[in-house]
Amino acid sequence: MAKKKHKAALGHTAGRSRDNESRAATSLDTALLADEPERSSRHHAQARRSSLYALVPALLALLTSLNTVLNGFAFDDTQQILRNEFIKRFSNLPLLFTNSVWGFNGDSLMIAASDFYYRPLFMALFTVNYAIFGETAWGWHLVNALIHAGVTLLVFFALKEVTERRWPAAIAAGLFAVHPSHAESVAWISGITDPLMALFVLPAFIFYLKYKKSGRRSFMAFSIALLLPALLSKETAIVLPLVIAYCELFLFSDGAPRGQRLRRAVTLAACFIVPTAVYFFMRYLALSHNLAPRAARFGISLVLATVPKVVVKYLGLMFIPLGYSLEHDTVPVTTFLSWGFVGPMALLIAIGAGVWLAKSRVLTFAAVWFVLWLLPPLAGLRSFEPQYFVQERYLYLPSIGVCLAIALGIEWLAAHRIFKWTGRTAAATAAVLLVMVWGGVAMAQNRVWSDTLTLLRNSVAKDPQSTMAHIVLSTEYYSHGMRKEAEAETYKALEIDPNCQDALINLSQMAANDGKLDAAIGYLERARDALGDGPQKRGYLARIYHDLGRLYDERKKPDLAEQYLKQAVEIVPYPKNWVALGDFYFDKGRYEEALEQYELARAGTSPKYALLHLKLGRTYDRLGQVERARDEYKQYLDLAPNAEDRLEVFRRLRQL
């Protein structure tokens, strides 16, 4: 009986306990529900603050870019926009995906032989712009400014995900917004390729970061899908999988074993194979003859010795707001033992050691981001001329890493007392000063891009000892009919370097255009005799022999003409030289020899180069190979429907 009473008491106690738990749970739920509006309010307040943090850098980007609407068309804009028939009709949109960037310029042999740029979304943007603005330049510049502001927004959100802090992300985005090195990408209409690519690359990176935090595969799917439009904007988007692989290995190590991190990195990078394969397939269909650049001007050892010097120049442009120019003449470094290699390499090692000693995961990420996105232009040094070893537009995406590193430094200042200043005062002062100085320089540099002559005059002003700056300006003057100014710039180049090959070649071309063949030949012979040893010797010698062959042919000295044209081919076997020798043989009635040279040129040029099909058609016609002649004539007519000699070719085709 006692036991039953005890059990009943226990049951009653347990029941009361459950009732208490139920009441406690109900009270907790009631409290949570009561607190829900407050928590929701805090969440919305944080979202509003994040929006404000993001909007300030975007507004800075817009404010420093808006003065570009006063500019006209400059540099490549003349051909890419004003002379580009592809972008002037929406019906041509499919053609943009089956042609190179310069495919509209099918009558240029140099472009047909060397154009490996496949950027259909870039050309699609131009098609839309032309439909809206036509040839009114301010509208094109406004679009560039808006794209730059959009990219700046994305920079903030990407860095907020990386750092998990709004302040350094906002400071870095603000610095990115106003950095003067971006003038080439924003103020130059045709320089929009990097910002356009960033509109896809940065969201792809943000989705990857969200995937890492949430584990939601849909985020990763979005990241993978965005790689294709990024690649179709500019091929250097191929770096994105490398960035993600680095993040898997080091940024998000989360204490996992190295082998596991490596497997994760390889797996995620492999996910990008599908959009990459689709891109390369589309690229192959559009320009199978030029999947990669062929005309390497320099050997690998010279390029490797020059890379540290180039990287230091890029870092200088990032930290020191001086010397911005279209051209940054960089003398190639020929040996690893020279100061040109040792000095810059020592500086880069010191910077790398400083980053490593800082033991900062985010600072290391910033440095790696800068290096990885700079790899494509460094890899392309073999094909660049020395004055274009350093090009400011290539800093657009890499600069995010430098801006983040500076923002981290400003954040460090905020946590330390500097003399009598509080850390926050010092940090705020540094940030405001940087934005003001960089923004002012950026706005001034924007106006440098107002037109081509202003741009090239700026190059001379920034580096008056650069012979190439004077030569390029001279060529532009000559194209505008400003003969005296052109000659003056050419002679300035000769004053700097009496053996300047480009100056002597320029004078030769001017003399030839005036019908002074003996003077033109004299300049070329002087250039040949003054040519010293160096990495560019073969290229200059081939060019001199090519021009001498053409001039001696005009002088009715065929033996000398053939000799020089053949030497040009032997030194540099290239389509331009093959076609020149083929033309010589054709004019002399030596059709078999002409055909041999044209066929060599065909193998090295785009099949869409119309003029070569005409040359082949006429050669086959002279040789009596009727079917082949017909085929080549038809291809010419298909590729050049507006050619002046269309009716003549059509009549000959009907006769065959």
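Predicted model: local features only at pLDDT ≥ 70, side-chain atom pairs only at ≥ 80, totals over all residues.
The secondary structure comes to 30 helices and zero strands. The chain has 656 residues, and buried residues make up 49% of them. Among contacts with a separation of 6 or more, 69% are between residues 24 or more positions apart.

The surface can be taken up at helix α1, which covers residues 2–65. Leu52 lies in this helix. With a relative accessibility of 54%, Leu52 counts as exposed, because the cut-off for exposed is over 50%. Leu52 also belongs to a nonpolar patch on the surface, formed together with Leu55, Leu59 and Leu63. The accessible area of these four leucines together is about 410 Å².

Is Ser185 buried or exposed? Ser185 has a relative accessibility of 0% and therefore counts as buried. Leaving aside residues up to four places away in sequence, Ser185 touches Asn144, Gly191, Ile192, Asp194, Pro195, Arg393 and Tyr396.

Leu408 is found in helix α17, residues 399–414, and its relative accessibility of 13% places it among buried residues. Beyond residues up to four places away in sequence, Leu408 touches Arg165, Val362 and Leu363. The C-alpha atom of Leu408 is 9.7 Å from that of Ser360, and 48 residues separate the two along the chain.

Leu653 has its place in helix α30, residues 646–655. This leucine is buried as well, with a relative accessible area of 16%. With residues up to four places away in sequence again left out, Leu653 touches Arg630, Tyr633, Lys634 and Leu637. Between Leu653 and Gly617 there are 36 residues in sequence and 9.7 Å in space, taken from C-alpha to C-alpha.

The charged side chains come next. Side chains of opposite charge can pair when their charged atoms come close. How many salt bridges does a search of the whole structure find? The search finds 26.

One of them joins Arg119 and Glu235, with the closest N and O atoms 2.7 Å apart. This pair links distant parts of the chain, its members being 116 residues apart. Arg119 sits in the loop between α4 (109–114) and α5 (120–133), while Glu235 sits in the loop between α10 (217–233) and α11 (240–251). Arg119 has a relative accessible area of 12% and is buried. Glu235 is buried too, at 19%, because buried means under 20% relative accessible area.

Other salt bridges lie within a helix. Glu489 and Lys492 are both in helix α21, residues 483–496, at a spacing of three residues, or about one turn of the helix. The closest N and O atoms of their salt bridge are 3.6 Å apart. Glu489 counts as buried at 8% relative accessibility, whereas Lys492 counts as partly exposed at 37%.

In helix α27, residues 591–603, Arg602 and Glu599 are likewise three residues apart, about one turn of the helix. Their side chains meet in a salt bridge with an N to O distance of 3.0 Å. Arg602 is partly exposed, with a relative accessible area of 29%, and Glu599 is partly exposed at 28%.

Salt bridges can also be followed beyond a pair. Which residues are linked in a network of salt bridges? Glu161, Glu164, Lys210 and Lys213 are linked in this way.

Notes. Residues numbered from 1 in each chain as written. Heavy atoms only, no water. Patch = residues over 30% accessible without salt bridge, like charges linked within 9 Å, V, L, I, M, F, W, Y side chains within 5 Å. Areas by Shrake-Rupley, 256 points an atom, 1.4 Å probe, with all protein chains shown as cover. Helix = DSSP H or I, 4+ residues; strand = E, 2+ residues; numbered from the N terminus. Buried < 20%, exposed > 50% of the residue type's maximum accessible area, 1.4 Å probe, protein only. Contact = heavy atoms within 4.5 Å.
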